[in-house]
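Here is a short briefing on a model. Look over the sequence and structure before reading on.

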Amino acid sequence: MAKLTCEGRTIREINAEIRRLLKDGEAVTVSSPGARHNLGVALLESGDVLFDGSVGYYCAGLIDGVKVRIKGSAGWGLAESMLSGEVIVEGNAGNSAGAAIRGGALVVQGDSGARTGVSMKNGLIIVTGSCGYMSGFMGQGGKMIICGDAAEAFGDSMYETICFVGGEIADLGNDAIVAESTDEDKQFLDASLTRYLPASVCANLPDGGDFKKVVSDRKLWNFKKSEWKTWEQAL
Amino acid sequence: MSESSSTPRVLQKSGIFSSSVIEDIQTKAESGIYRIRGYGTLRERRWATFDDLTFLPCSLTRIPLEGYREKCSTKTVLGSRFAEKPIELDIPVMITGMSWGALSYNAKVALAKGASEIGSSNTTGDGGMMAAERENSKTLIYEVLPSRYGINVHHMRMSDGIELTIGQGAKPGTGGLLLETKVSDEISKQRELPVGVDQRSPARHPDMLGPDDMIIKIEELREATGWQVPIFVKLGASRVYDDVKLAAKAGADMVVVDGMEGGTGASPAIFQDHTGIPTLAAVCEARAALEDMGLYGKVQLIIAGGIRDGVDAAKAMALGADAIYIGTAALIALNCNRPLYVDDYHKLGTEPHFCHHCHTGQCPVGVTTQDPELMKRLPIDEAAERVTNLLRAMTLEIQMLARSCGKSDVHHLEPEDMAALTPEASAICKVPLAGTRRVWGS
């Protein structure tokens, strides 16, 4: 396990050193992250990176394949546009956690802010606590599990993201509906929560069958078909 | 003789409720939805444009260069502020971002090949990078848009520049549209959307809101690309002076300002016709912003929005642009609105030279379609040659005007090389009104 301190180093130097160590096959522990922005951006090597403290904006953004653990909280845009890999934050995450991810898994072991999973295209997001306003907005694919409560406008304007909420939903967003869960959904929830969360956390979560499933009602997917002919002519 | 046969019949049209207004109201009364179309503004009422300026070539007070012979450099370097590998182009005219989805595969590849042949650049668009686009582009700019469709860090790292798009001239303040006929199997896969949806792109980036966030976002993009390539920030022209200042402060290497004459594949018509400010005004505000920050010449300025030829480009450069983006003009070079397959224009209810039906996906000449049969009408190599030719002709036009003004480098054109033909253009551009020695309003 290689150790690296952020003290006295620029972000560019820190990220370059993390990449070099990962390339050498080392697991990396990064101390004194000091909630600085853009830590662990565009890590494209497989391996493990531990940030020993809180991180700022866009931590682990644009990654592909690496496993990142944050022993603290994270700022905005955590793991944004991740292609694959795993990001676990032991504290809370700010707004737009998991924005536009195309794969991989993001696990927030506390609460997450507004627009969690906004524009996510694929992958998995798990929040053990609650999520903020407009989470799931314009979700295109993948799955999002909120073990606690979901704030207003949840799942607004989604395409094919499937969301599960263990607690209360303050308000569904435009075109979001609660759908009936299947046995397959329950199995998926149990398997995902067991895989990514400590047993002590899982023990206090709702049973898989008690999660509400939220999907798109698909009414915003298209303007009404009857109007298409009009558009075609309406030039 | 009856009264009706002796009095000429006079039809008096309303100046408010014109034929097009009546048609618009009645169409919306049927559909219950705003009008959607492509191409760009169709407004007939004039505003100040580059046509309101004229060049003042040399005579006795200045000495011209030989128009057809002497060297006049067109080399264009962009992004030397922070990037380790600035973009070097042979000409100052570049191809703007237009998506695979809005455009056909053949059109995208033809633009890439055509631009590369003459040492210009090409830009990706919503939906990300096509492999064939990268293969055929000598210089390729990767757009990072609010939708993040197809976002891929590996593709970013294969690019020669990153363009963080905040807005677009045709529709500042809102996202674009890609209607169901164009969300084909391939496009759906590329954008990770259900086949056949009416895709409406978001207006805001998912993980940043204001200019303070953008400072951090730009640093992230530099980290992702190893600080090698320049970062552009693209703005739809609205509050240009303040927006350009904020983009430059946030660390952009170049700022792109896209005026209201800019084109689009599909957008609400009201945005195309009633939002943003004209390109002429935008370039003047952008230059003033950079000058006031002491960054003019350090942060490069790229101007877009309805640029038709080398004359528009030269005037924009004289007013302060370092380089020019073209979009619609390049599509017209591909064959847009050419009188071919005229029956298919008629099926769309239009005629060649009047077509703005990009949103239907039924482009008669294979430019803005995903229909494989229509796309075959645009052979890539022939289309690429036309793009090269247009870029070459535009560059020659810029050079001719520059030489006539005594410049050995097209980037040496300056406001003093022009006069205004209208008081409005004089006031906007701060150049004297022709026939006077006075800048209007000063």
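This is a predicted model: local features need pLDDT of at least 70, side-chain atom pairs count only at pLDDT 80 or more; totals for chains, interfaces and linings use all residues.

Residues are numbered from 1 along each chain as its sequence is written, while chains are lettered from A and ligands numbered from 1 in the order in which they are written.

**Chain B: layout**
- Chain B splits into domain 1 (3–35) and domain 2 (37–429); such bounds come from an automatic or database domain assignment.
- The centres of these two domains, taken over C-alpha atoms, are 37 Å apart.
- Chain B holds 16 helices and 16 strands, meaning DSSP runs (H or I, at least four residues; E, at least two) numbered from the N terminus.

- Along the principal axes, its C-alpha atoms fill a box of roughly 80 × 60 × 45 Å.
- Of the 442 residues in chain B, 57% are buried. Buried means 20 or more other C-beta atoms within 10 Å of the residue's own, exposed 12 or fewer, and partly exposed in between, with C-beta atoms placed from the backbone.

- Ser81(A) is not a glycine, yet its phi is positive, about 60°. Ser81(A) sits in the loop between β4 (64–70) and β5 (84–89) of chain A. Ser81(A) is buried, with 29 other C-beta atoms within 10 Å.
- Tyr341(B), also a residue other than glycine, has a positive phi near 50°. Its loop lies between α12 (328–334) and α13 (342–347) of chain B. Tyr341(B) is partly exposed, with 17 other C-beta atoms within 10 Å.
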